[in-house]
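Visitor: I'm new to this one. Can you show me around?
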Amino acid sequence: MKIKIVEINDLHFGISDTEREKEELKMFLDFIRSHDIDLLEFNGDFFDHKLNMFESAALTGMNFFNEVVSIAIEKNIIIRMIEGTYSHDRFQPKIFDNFIPEDNGKKLIDYNFFETVGEEDLLGLKI
């Protein structure tokens, strides 16, 4: 059985908020939309520093994650996110727990946020 995993890290939303960055994010979304992926991992430093959630870069990051969730629901992609360094993420990615839609209390996708590194049995692998 072949398992397809895509990892992304060090997005650092807040370090810039440029049209080029938005175009690169769109390319990533197009990639996950057009490929069969089993697992998508966000491996830390989603944010660059503590942000006001109404800042342009914070909104760009939240919109990006919301689009990832929509694709994951459509394509049944598992999502895992791990907290990055304190100086960057500062537990802000925890907000994404609220982006996962539910139906009668059941998450519509398999999503988990981890505050620290650990192990998990997933897709027949110890990750």
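Predicted model: local features only at pLDDT ≥ 70, side-chain atom pairs only at ≥ 80, totals over all residues.

Visitor: Fine. How many aromatic pairs does the structure hold?

Guide: It holds 14 aromatic pairs. One of them is F42 with F46, an edge-to-face pair. Their ring centres are 5.8 Å apart, with 65° between the planes.

Visitor: Are F42 and F46 buried or exposed?

Guide: Both are buried. F46 also pairs with F65, again edge-to-face. That pair is 6.4 Å centre to centre, with 85° between the planes.

Visitor: Where do F46 and F65 lie?

Guide: F46 lies in the loop between strand 2 (39–43) and helix 2 (56–75), and F65 lies in helix 2, so the pair ties together parts 19 residues apart in sequence.

Visitor: And why does F65 count as buried?

Guide: Because its relative accessibility is 0%, and buried means under 20%. F46 counts as buried at 3%.

Visitor: Which residues form the aromatic cluster?

Guide: F13, F28, F42, F46, F47, F64, F65, F96, F99 and Y111 form one cluster.

Visitor: What about the largest nonpolar core? Which residues have the most contacts inside it?

Guide: F42, F46, F64 and F65 do. That core has 31 residues. Helix 2 gives it the largest share, eight residues.

Visitor: Which other elements give two or more residues to this core?

Guide: Strand 1 (5–8), helix 1 (19–34), strand 2, strand 3 (78–82) and strand 6 (111–114).

Visitor: Back to F46. What is it in contact with, leaving aside neighbours within four places in sequence?

Guide: Its contacts include L11, H12, M81, D89 and P93. G61 is on that list too.

Visitor: Where is G61 found?

Guide: In helix 2. G61 is buried, with a relative accessible area of 0%. Not counting residues up to four places away in sequence, G61 touches F13, F46 and F96.

Visitor: New topic. What's up with E41: which side chain of opposite charge is nearest?

Guide: R80, 7.5 Å away. E41 is buried yet has no salt bridge. It sits in strand 2. Leaving aside neighbours within four places in sequence, its contacts are I5, V6, E7, I8, R80 and I127.

Visitor: What stands opposite E41?

Guide: E7 does. Strands 1 and 2 pair in the parallel sense, over four bridges.

Visitor: Which way do the side chains of strand 1 point?

Guide: They alternate. V6 and I8 point to one face and are buried.

Visitor: What else does helix 1 have? What does E24 bridge to?

Guide: E24 bridges to R20, with the closest N and O atoms 3.0 Å apart. The two are four residues apart in helix 1, so about one helical turn separates them.

Visitor: And what does D30 form a salt bridge with?

Guide: With R33, where the closest N and O atoms are 3.1 Å apart. Both lie in helix 1, three residues apart. Salt bridges that share partners join K26, D30, R33 and E67 into one network.

Technical notes
Residues numbered from 1 in each chain as written. Heavy atoms only, no water. Phe/Tyr/Trp six-rings, centres within 6.5 Å; stacked < 30°, edge-to-face > 60°. Buried < 20%, exposed > 50% of the residue type's maximum accessible area, 1.4 Å probe, protein only. Core = buried A, V, L, I, M, F, W, Y, C linked by side-chain atoms within 4.5 Å. Contact = heavy atoms within 4.5 Å. Lys, Arg positive; Asp, Glu negative; His and termini not counted. Salt bridge = Lys/Arg side-chain N within 4 Å of Asp/Glu carboxyl O. Pairing = 2+ DSSP bridges.
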